[in-house]
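Here is a short report on side-chain packing and contacts. Look through the sequence and structure, then read on.

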Amino acid sequence: MKQIGSWMVTAGILAAVILAWPFYILNDDRSNLSLFGYQTLTVLSNSMEPEFTTQDMIIIGEQQHYAEGDIITVNTGSELVTHRIVEAVPDGFHTMGDANATVDSTLAEPGMIEGGHVLTIPYAGFVVHFITSLPGFLLLIVLPVTAVVTMSLMKRFSRSAKKDDNPEGASST
């Protein structure tokens, strides 16, 4: 019974690695997954200081309405830009970073808006960057899985060797 439990733990860890692998791959192509209408993004510039800074993680969520003063993330086609709405116009919104001196050149049309700012997690981007790097992936995923599999195999072979050394029914004198 212990052996089944050990193999189930190993299978669970391997399943977690298989499920985590796409997130590692997605980091390189800049895809972003939405979970229940929320997305996590890592801040790459200081254009919104002091609201948030480089390497902060922000969570954005889909909202019904946006108004002046709201912070929104806009998909410009080539990048995601998170800035504050400074003016609503009939076709969309003018946005600007809090630390910038000028309004953004691209009008934020309703179809371009990914979501509004919900939460900031300071410096969490450093952790995400490390986990999605090759050294972080090896250290946090591959190394523990390898250790668990190795320990399970060693335990199994150790039991087999003990059974071979002391066959049942043999008497010791």
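In this predicted model, A108 touches I72, V74, G92, F93 and T95, leaving aside residues up to four places away in sequence. A108 also belongs to the largest nonpolar core. That core has eight residues in all: Y66, I72, V74, I85, F93, A108, M112 and I113. In soluble globular proteins, nonpolar side chains tend to be buried together.

Q39 is found in strand β1, which spans residues 38–42. Is Q39 buried or exposed? Its relative accessible area is 9%, under the 20% cut-off, so Q39 counts as buried. The side chain of Q39 makes a polar contact with the side chain of E114, at 3.2 Å.

Now the aromatic rings. A pair of aromatic rings is described by the distance of the centres and the angle of the planes. A search of the whole structure finds one aromatic pair. It joins Y123 and F126, with ring centres 6.4 Å apart and planes at 20°. Planes under 30 degrees apart count as stacked, so this pair is stacked.

How accessible are these residues?

| Residue | Relative accessibility | Class |
|---|---|---|
| Y123 | 52% | exposed |
| F126 | 48% | partly exposed |
| Q39 | 9% | buried |

Y123 counts as exposed because its value is over 50%. F126, at 48%, counts as partly exposed.

Technical notes:
Residues numbered from 1 in each chain as written. Predicted model: local features only at pLDDT ≥ 70, side-chain atom pairs only at ≥ 80, totals over all residues. Heavy atoms only, no water. Phe/Tyr/Trp six-rings, centres within 6.5 Å; stacked < 30°, edge-to-face > 60°. Buried < 20%, exposed > 50% of the residue type's maximum accessible area, 1.4 Å probe, protein only. Core = buried A, V, L, I, M, F, W, Y, C linked by side-chain atoms within 4.5 Å. Contact = heavy atoms within 4.5 Å. Helix = DSSP H or I, 4+ residues; strand = E, 2+ residues; numbered from the N terminus. Polar contact = N/O pair within 3.5 Å; in protein donor to acceptor, adjacent residues only side chain to side chain.
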